[in-house]
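The following paragraphs go through a predicted model.

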Amino acid sequence: MNEDSIMKTFILTSLIFSIHLCCAQNKTIINGAAIKNYGNTLPVVDAELHLNTNTHYKVIFDIAKSPDEKGKLNSSINTIARFINMHVSQGVPLENLEIIAVIHGAAVKDYTTNQTYLNKHGVANPNIELISQLEEVGAKSFMCGQSFGYRGYTKNQLSENAQLALSAMTALIYFQSEGFQLINFN
């Protein structure tokens, strides 16, 4: 083996080791401090912005997107679980997290009953268990009555873990006037 081949092998080996080390350090997944099987997080060891664990966090998640693929979990709803798990794992008491989800647009299908989703899409609603667990830890969901109605749904087709609002706009304005902070990934 010549010197050039040895150098290339050394560089390639070093690169592979570095990638493996980097991935191993960054992929220590934390599974569900409060919401099991959903909302996995990664530890952030060197964060400069730290949480005040005594603060009462009032947050609204504006959820309007939904995956095109039927039977696929809505990642925006999973983000709510991630937010809760991330903060609980860092010492924020669950009772200090007041979470509201405002559902509208394409995401309305994800908050329908399992039977409604099954009838319309031919597969079970993959969001049912996650939405139920969010409700169990105190997160509240409000469905835009306008989006729900325009898409042809009726109140008896709404998940038991959601409440009907006049509109998403109404809910967003109301909760922001009550001191909730908006998180919008749409």
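Among contacts in the protein chain between residues at least 6 apart in sequence, those that join residues at least 24 apart make up 68%. The chain has 186 residues, of which 38% count as buried. Its secondary structure consists of six helices and five strands, and reading along the sequence gives the pattern α-β-α-β-α-α-β-α-β-α-β.

The sheet comes next. In general, strands of a sheet pair through backbone hydrogen bonds, in either a parallel or an antiparallel arrangement. Here five strands make up an open sheet with parallel pairing, and their order across the sheet is 4-3-2-1-5. Strand 4 (163-165) and strand 5 (181-184) are the edge strands, each pairing on one side only. On average, and with direction ignored, neighbouring strands of this sheet are turned by 30 degrees against each other.

Inside that order, strand 1 (residues 57-63) pairs with strand 2 (residues 97-103) in the parallel sense, over seven bridges. How enclosed is strand 1 by the rest of the structure? Six of its seven residues are buried, so strand 1 is largely enclosed.

H104 lies in the loop between strand 2 and helix 3 (114-121). With neighbours within four places in sequence left aside, H104 is in contact with D62, I63, A64, C144, S147 and A168. Two of these contacts, D62 and I63, belong to strand 1 (residues 57-63).

The last topic is open space. Rolling a probe the size of a water molecule over the atoms shows where empty space is left. The largest pocket has a volume of about 320 Å³. It is lined by 14 residues, and those closest to its centre are V44, A47, L49, L51 and Q90. Which classes of residue make up the lining of the largest pocket? Nine of the lining residues are nonpolar and five are polar, while no charged residues occur there.

Terms used
Residues are numbered from 1 along each chain as its sequence is written. This is a predicted model: local features need pLDDT of at least 70, side-chain atom pairs count only at pLDDT 80 or more; totals for chains, interfaces and linings use all residues. Side-chain values use heavy atoms; hydrogens and water are left out. On a 1 Å grid over the protein atoms alone, a cavity is a set of points where a 1.4 Å probe fits but cannot get out, and a pocket is an open set with protein on both sides within 12 Å along at least five of seven lines; lining residues have an atom within 4 Å of a point. Grid points are joined across faces, edges and corners, and a volume is the space filled by probe spheres set on the points. Ala, Val, Leu, Ile, Met, Phe, Trp, Tyr, Cys and Pro count as nonpolar, Asp, Glu, Lys and Arg as charged, and the others, Gly among them, as polar. Two strands pair if DSSP finds at least two bridges between them. Helices (H or I, at least four residues) and strands (E, at least two) are DSSP runs, numbered from the N terminus. Axes are lines fitted to C-alpha atoms, for helices over the stretch in contact, and angles run from 0 to 180 degrees between N-to-C directions. Contact means heavy atoms within 4.5 Å. Buried means under 20% relative accessible area, exposed over 50%, partly exposed in between (1.4 Å probe, protein chains only).
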